[in-house]
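Please consult the sequence and structure shown below while reading.

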Amino acid sequence: QVQLVESGGGLVQAGGSLRLSCAASGNIFSINVMAWYRQAPGKQRELVADITNGGGTNYADSVKGRFTISRDNAKNTVYLQMNSLKVDDTAVYYCNARRQYSTIEHTRILNDYWGQGTQVTVSS
C-alpha cells in the first residue's frame, strides 16, 4: 500500500510559476516510476511528466521547456515545477506512483496508486 498526498496547487496569473509537491508514504520501495497527470474540465486525464528511480524523465510535448519533474529521495517527495504557466494548464493535477515491468515491446503495470489531486488555476 502506498499513500500519496499532493500540495501546492492554487491560483496564479499567466506567465507565473507554481511548484507542486507529492509526499509518498507506505511501501514506497516497491515503486519504480512516479508521475504527474492532469485533467481539465471536459477532457481526459493526460500524462504531464514522469520520472524513474534512475532519474530519467519524460514530458508531454505541451509542457516541455516549462515544467520540470524532480525527486527528493530523502523526503520521499516528488515535485513538479511549473513555469511560464498558461491558461490551458488549468486542471486538477494528480500524483501517480506505480511499479511497472518494461521491455522494448511493452510495459506492464504491476501496481498503481493515485493521490487525491490538487487544483491549479491559471488566470489570464
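A polar contact is a pair of N or O atoms within 3.5 Å; within protein, one must be able to donate a hydrogen and the other to accept it. The model discussed here is predicted.

**Asparagine 96**
- N96 is part of strand β9, and this residue counts as buried because its relative accessibility is 0%, below the 20% limit.
- The side chains of N96 and D112 form a polar contact at 2.6 Å.
- The N96 side chain also reaches the backbone oxygen of Y113, at 3.1 Å.
- Leaving aside residues up to four places away in sequence, N96 touches L4, V33, M34, A35, Y37, D112, Y113 and W114.

**Nonpolar core**
- The largest nonpolar core comprises 31 residues, of which L4, M34, W36, L80, M82 and Y93 touch the most other members.
- At least two residues of this core come from each of β1 (2-7), β3 (18-26), β4 (33-39), β5 (46-52), β7 (67-72), β8 (77-82), β9 (91-102) and β11 (118-123).
- In soluble globular proteins, nonpolar side chains tend to be buried together.
- With residues up to four places away in sequence not counted, the contacts of M82 are G16, S17, L18, L20, R66, F67, Y93 and V120.

**Aromatic rings**
- One aromatic pair is found in a search of the whole structure.
- R19 places its charged end over the ring of Y79, 5.1 Å from the ring's centre.
- R45 lies over the face of W114, with a distance of 4.8 Å from the ring centre.

Conventions: Residues are numbered from 1 along each chain as its sequence is written. This is a predicted model: local features need pLDDT of at least 70, side-chain atom pairs count only at pLDDT 80 or more; totals for chains, interfaces and linings use all residues. Side-chain values use heavy atoms; hydrogens and water are left out. A nonpolar core is a set of buried Ala, Val, Leu, Ile, Met, Phe, Trp, Tyr and Cys residues joined through side-chain atoms within 4.5 Å. Buried means under 20% relative accessible area, exposed over 50%, partly exposed in between (1.4 Å probe, protein chains only). Helices (H or I, at least four residues) and strands (E, at least two) are DSSP runs, numbered from the N terminus. Contact means heavy atoms within 4.5 Å. Rings of Phe, Tyr and Trp (its six-membered ring) pair if their centres lie within 6.5 Å; planes under 30 degrees apart count as stacked, over 60 as edge-to-face and the rest as tilted. A charge sits over a ring if NZ of Lys or CZ of Arg is within 6 Å of the ring centre and within 35 degrees of the ring normal.
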